[in-house]
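Subject: Structure handover and notes

Hello,

Please find the structure below, ready for you to open alongside this message. My notes on it come after it.

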Amino acid sequence: MKSLKFLAIALVAIGGISDALAGTIWIQTMPGGSRLLPGDIIRSGNAKYELALQPDGWLANWRAGQYSFWNAGAIGTSALMQYDANFVLYRGAEQAQNAVWTINKGVKPLDAWQLDLLWNGGLQAFLKPTREVAWQQVGDPNYTDGTGTGSCPGGQQVNLYPACVNAGTPFQYTIPIPACSPGEAAALARASGFTPGACR
């Protein structure tokens, strides 16, 4: 039994969680009130990225089958997307004193908040009816056109281009989008409901 547990952790360490090891698999969106348990994942709509609560308790973001580029820096037993826009990693019972990591955005009215895993590995706490984004984590720094190589056709380097989240509202803020050209960055921004360019 110990060797099976070690094998599962070793597989996670070298390449994310395979479907054989995964529990619940959410595709792109984890609705409010849902949780990740060890072995559960959210997979991006293009199947290139996974947010996993690994069997060893680490909450980590993966370029599927290749490398991890982010983790919460803590071990937990469940990760809950709360109705108030907070996403929290708990160790033990899902009570405030057991939170080991949080996006700390639990100040929104209870509503249909969800967690989305974007095409480039970025994460959003997102309110679909109004397109408001309460929290955004930048995606894979090596992302370019889904290749994950860190370079563009012709050998150019990926650049960061600004996009405005919640443009024209009191909640607006600017984020960087990695892309090979301003046009690609604008298309990626619009695909997530952002406005190309810095907020004004």
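The notes below go through strands, nonpolar cores, aromatic pairs, salt bridges and the disulfide.

This is a predicted model, so local features need pLDDT of at least 70 and side-chain atom pairs count only at pLDDT 80 or more, while totals for chains, interfaces and linings use all residues. Residues are numbered from 1 along each chain as its sequence is written, and side-chain values use heavy atoms, with hydrogens and water left out.

Helices (H or I, at least four residues) and strands (E, at least two) are DSSP runs numbered from the N terminus. Two strands pair if DSSP finds at least two bridges between them. Strand E9 covers residues 87-90. With strand E8 (residues 78-81), E9 pairs in the antiparallel sense over 4 bridges, and Leu-80 stands opposite Val-88 in E9. The hairpin of E8 and E9 has 5 residues between the strands, and Ala-85 there takes a positive phi near 85°. E9 also pairs with strand E10 (residues 99-102), again in the antiparallel sense, over 3 bridges. Ala-99 in E10 is the bridge partner of Tyr-90.

In a regular strand the side chains alternate between the two faces of the sheet. For E9, Phe-87 and Leu-89 are on one side and Val-88 and Tyr-90 on the other, and all are buried. Buried means under 20% relative accessible area, exposed means over 50%, and partly exposed is in between (1.4 Å probe, protein chains only).

Nonpolar cores

A nonpolar core is a set of buried Ala, Val, Leu, Ile, Met, Phe, Trp, Tyr and Cys residues joined through side-chain atoms within 4.5 Å. The largest one has 26 residues, and those with the most contacts inside it include Phe-87, Leu-89 and Trp-101. Among the elements that give two or more residues to this core are E5, E8, E9 and E13. E7 gives the most, with 4 residues. What does Trp-101 contact, leaving aside its neighbours within four places in sequence? The list is Leu-59, Trp-70, Ala-72, Ala-74, Phe-87, Val-88 and Leu-89, where contact means heavy atoms within 4.5 Å. A second, separate core of 14 residues includes Tyr-161, Ala-163, Val-165 and Phe-194.

Aromatic pairs

Rings of Phe, Tyr and Trp (its six-membered ring) pair if their centres lie within 6.5 Å; planes under 30 degrees apart count as stacked, over 60 as edge-to-face and the rest as tilted. The structure holds 4 aromatic pairs. The ring centres of Tyr-49 and Phe-69 are 5.8 Å apart and the planes are at 90°, so this pair is edge-to-face. Tyr-49 lies in strand E5 (residues 49-53) and Phe-69 in strand E7 (residues 67-75), so the pair ties together parts that are 20 residues apart in sequence. Tyr-49 is buried, with a relative accessible area of 0%.

Trp-101 and Trp-135 form another edge-to-face pair, at 6.4 Å centre to centre with 70° between the planes. This pair links strand E10 to strand E13 (residues 132-137), with the two residues 34 apart. Both Trp-101 and Trp-135 are buried. Ring pairs link Trp-70, Phe-87, Trp-101 and Trp-135 into a cluster.

Salt bridges

A salt bridge is a side-chain nitrogen of Lys or Arg within 4 Å of a carboxyl oxygen of Asp or Glu. The structure holds 3 of them.

- Arg-35 and Glu-94: the closest N and O atoms are 2.7 Å apart. Arg-35 is in strand E3 (residues 35-36) and Glu-94 in the loop between E9 and E10, 59 residues apart. Arg-35 is partly exposed at 34% relative accessibility, and Glu-94 is partly exposed at 30%.
- Arg-43 and Glu-50: the distance is 2.9 Å, N to O. Arg-43 is buried at 15%, and Glu-50 is buried at 5%.
- Lys-108 and Glu-132: the closest N and O atoms are 2.8 Å apart. Both residues are buried.

The disulfide

A search of the whole structure finds 1 disulfide, defined as a pair of cysteine sulfur atoms within 2.5 Å. Cys-164 is joined to Cys-199, with S to S at 2.0 Å. Cys-164 is in strand E14 (residues 159-165) and Cys-199 is in the segment after strand E16 (195-196), 35 residues apart. The torsion about the S-S bond is about 105°, so the disulfide is right-handed. Is each cysteine buried or partly exposed? Cys-164 is buried at 3%, whereas Cys-199 is partly exposed at 22%.

Regards
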